[in-house]
Amino acid sequence: MAYWLASTDGGQERAFIKRFSPAYWTVNFPRPMMASVVTTAPDALRVDTVFYGSGDLAGLIWEAQDQWDHPLLAYETRRDFRNCQLRFHWRSGGIRALDAVNGPTLTIEGRDAGGAPRSWYVRLWNYASGSPTDADITLDFNALNGGFLLPAEADPVWAGDIDRIFISLIPPGYDGGTTQYALGQEGWVELTGIACDGSGSVLSIGDPMLPEHGLSIATGYDDAYNQTPERVLRQIRALGYRGDILHYVGMSHYFRLELNSGGYYASLNGGVLCSPCAAWHADFAARAQAQGFGVIWSLSYELLDQHCWGNWKQRAEDGSPALTGWSPPSTLLSPAENGAMGYLHQVGAAFIGIAVAAGLSPQFQVGEPWWWVMPDGRICLYDAAAKAAFGGSPVSIPDIRASLNSAQTALLDQAGVLLANSTAALVAAVKAAAPAAKAHLLAYLPTILDPLAPEAKRANMPLGWAKPAFDVLQLEDYDWVTGGHGALSAAGAAAATARLGYAAAEQHYLSGFVLHSIDASTQWPLIEAAARVGEARGVARTFIWALPQVARDGFTHFSLAGEPMQAFDDVIFPLSIGKEASVTPAFSTQTVESISGHERRSSDWADARLRFDAGPGVRSEADLVTLIEFFRARRGAARGFRFTDPFDNQSAPVGQVVSPVDQRLGTGDGVTSQFRLAKYYGSGADAQQRLISRPVAGTIRVAANGVELTSGWQHLGGGVISFSTAPANGVILTAGFRFDVPVRFAEDALEVNRATFAAGEAPSVPLVEIRE
């Protein structure tokens, strides 16, 4: 196993932080306003805000329970805030001042001494020394009072059971109402010299450092906007991810907005990125560069629907906008709409400018550009700009999954050309800002290579993307991965490679995505296995998508592929030597004998572990030379290899021909599409199962209800048979095959004596089976 899902700290390395450490504050706010928090020194942080209405309010938050870090890295939960004193220097601009009514207030949420839920509202000005925008503030949680005027309105805080505290930040014109601002009003707060004293001021925190394991990580600003970049990058490094970080800049938090007809829409007024986003990403880029990470900046054709101009949206033939299933929904920008594409050009250039300013090598990804396909098969090629580009009255395509005529496929080809031209223009705009920028394309295979819509690739995987349009082709297929459709994943990667011409070494692979935590235990194993398949395919980088889900579910990856443990050479032990080997199947059974002579037996292993001695097969000095060369190439016991058991190497009985009905493979349920090869010893429910991980290539035969299948399945490796369509409920699946045993040399030394060998004494060449 190369991962586990850590639910709590399990005794790993721990360190200590001061409570209220700047890196662990977060922000929160209602749409459409924006805010971010970054650390500016070991004892300082800065919050940037943009307000769009007179009722906007942001909170700078400290939580008693760490809600955001990976379980191995989280700080301890301690709800008792007594015996600690928080001090900091406050500076602010563009927000309601400390001395004003509704000025910055510390809200404390928890329970009173009797356990009843309570909130207290502590006016910071009551504990400040200085001016309303520049003051020293001291908060002693043993002597803290809510209320506006003290002591007249004092509401004593009981700090023994607190869930969270937050400082409210509001615009100068705040009235709790619904007045809309034509453009965003920017504000900021800096807390410096943050210090916490007292016996309750120290928290333990997880501090393991996993070894580098070869995988990279993906992140997204829409998920991490509320945390400090320092906190995000600490997790990435500690969890063993290295190389480039694939960072999706998002579709809902980076933009500036302007008021139009009662709604707010993406705007370039005042700049490209909103100030909280720009501040966050500048800090993120600088820290990534300092820690040796690269960043691939990912920008998609997706935008939060409520802030997208109507004419920018892709639309179905009936005018319905292309809306995703997220809540609230996002929409897809039309590649034909000049305003939408021009906007993306400036956004892409702005982010790549942040990378260059931080000293990072500029890397840009066009993320999942496509013509949206509705759940009922309608493709969204019919917005006004697209229709004009297609001649004004493009042919109708009611269902892209149906059989299409020549006019319909010609329209898809036109759409593909238009899409390819739009992505080329976006890359050109980025390279105009950073000529050395490396261009990546991310393609989501389950949509653009949907087996039910074989013509979709004309529009959504255009030949205009073929090498050398991009430097790197990135493939993602998480619906197939988490659905257990390994055959579709393999076929999709092969089809994309063949169509676009990027070799495996010119590709990246994004492995999986667990949307709901309830699915963590079933989907993370599939994702981890898919990552290993991607690595085996030879791609340049494999990414886990994405950090928020990794942290939420405690996904912890570590490499077992090092030389001492599980390196494996897929080569066969010399047959001429191995055919004379002796074999010893062994089980491990614990036997306890009572005084009366009765026994109680417990079997530790479900399957026998084999040991071989290949020495009897060494018949000549030429065999000795072959053996020594093979031993050295395997580095002794370090590397595994295949060995053909001379007594048991096929699914059929000895002397019979392998057939597709030799062994049980499984029973279809209409959902499961992957099954493990196995050989059974004995009969009925008590038969002993032996999983087969090293079948001989070209020998596997598969049958359904006794009828051999010559297509519709493939061997994924490791003895896993994957069906392109899940076998129906009740279908009996069987298989036949020849197989080898994965083994290693049992020892790191091979003793050969020429004199005793010449006298007829065979050397001992012990081999031991590897569990896979």
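**Exercise 1. Which domains does the domain assignment give, and what distance separates the centres of domain 1 and domain 4?**

Solution. 
- Step 1. The domain assignment gives domain 1 (3-206), domain 2 (216-557), domain 3 (568-647 + 743-769) and domain 4 (663-739). The model itself is predicted.
- Step 2. Domain 3 is written as two segments, 568-647 and 743-769.
- Step 3. Taken over C-alpha atoms, the centres of domain 1 and domain 4 are separated by 58 Å.

**Exercise 2. What does UniProt list for residues 17-206, and how much helix and strand does the span hold?**

Solution. 
- Step 1. The UniProt record, an unreviewed entry, lists residues 17-206 as "domain: Non-contractile tail sheath N-terminal".
- Step 2. The span is 0% helix and 52% strand.
- Step 3. Its end C-alpha atoms lie 10 Å apart.

**Exercise 3. Where does Leu 149 lie, and which residues form a nonpolar surface patch with Leu 149?**

Solution. 
- Step 1. Find Leu 149 in the loop between β12 (145-146) and β13 (155-156).
- Step 2. Check its cover. The relative accessible area of Leu 149 is 44%.

**Exercise 4. Which residue forms a salt bridge with Arg 118, and which strands hold the pair?**

Solution. 
- Step 1. The partner is Asp 155, with the closest N and O atoms 2.7 Å apart. The cut-off for a salt bridge is 4 Å, so the pair qualifies.
- Step 2. Arg 118 sits in strand β9 (residues 117-123) and Asp 155 in strand β13. The two are 37 residues apart, and the pair links distant parts of the chain.
- Step 3. Arg 118 has a relative accessible area of 29% and is partly exposed. Asp 155 is also partly exposed, at 25%.

**Exercise 5. Which helices hold Asp 413 and Arg 458, and why does their pair tie together separate parts of the sequence?**

Solution. 
- Step 1. The side chains of Asp 413 and Arg 458 form a salt bridge, 2.9 Å from N to O.
- Step 2. Asp 413 belongs to helix α6 (residues 406-433) and Arg 458 to helix α8 (residues 457-460), so the pair ties together parts 45 residues apart in sequence.
- Step 3. Both residues are partly exposed: Asp 413 at 33%, Arg 458 at 27%.

**Exercise 6. Are Arg 552 and Asp 553 buried or partly exposed?**

Solution. 
- Step 1. Arg 552 and Asp 553 form a salt bridge, their closest N and O atoms 2.8 Å apart.
- Step 2. Arg 552 has 37% relative accessible area and counts as partly exposed.
- Step 3. Asp 553 stands at 9%, under the 20% limit, so Asp 553 is buried.
- Step 4. Now the total. The structure holds 34 salt bridges. A network of salt bridges links Arg 46, Asp 48, Arg 91 and Glu 190.

**Exercise 7. In which sense do β19 and β20 pair, and over how many bridges?**

Solution. 
- Step 1. Strand β19 (residues 256-260) pairs with β20 in the antiparallel sense, over five bridges.
- Step 2. Leu 257 stands opposite Ala 266 in β20.
- Step 3. The hairpin has two residues between its strands. Ser 261 takes a positive phi there, near 55°.
- Step 4. Strand β20 (residues 263-267) is mostly covered, with four of its five residues buried.

Key. Residues are numbered from 1 along each chain as its sequence is written. This is a predicted model: local features need pLDDT of at least 70, side-chain atom pairs count only at pLDDT 80 or more; totals for chains, interfaces and linings use all residues. Side-chain values use heavy atoms; hydrogens and water are left out. UniProt positions are given in the numbering used here, feature names are shortened, and annotations may be inferred rather than shown by experiment. Buried means under 20% relative accessible area, exposed over 50%, partly exposed in between (1.4 Å probe, protein chains only). Domain bounds come from an automatic or database domain assignment. Two strands pair if DSSP finds at least two bridges between them.
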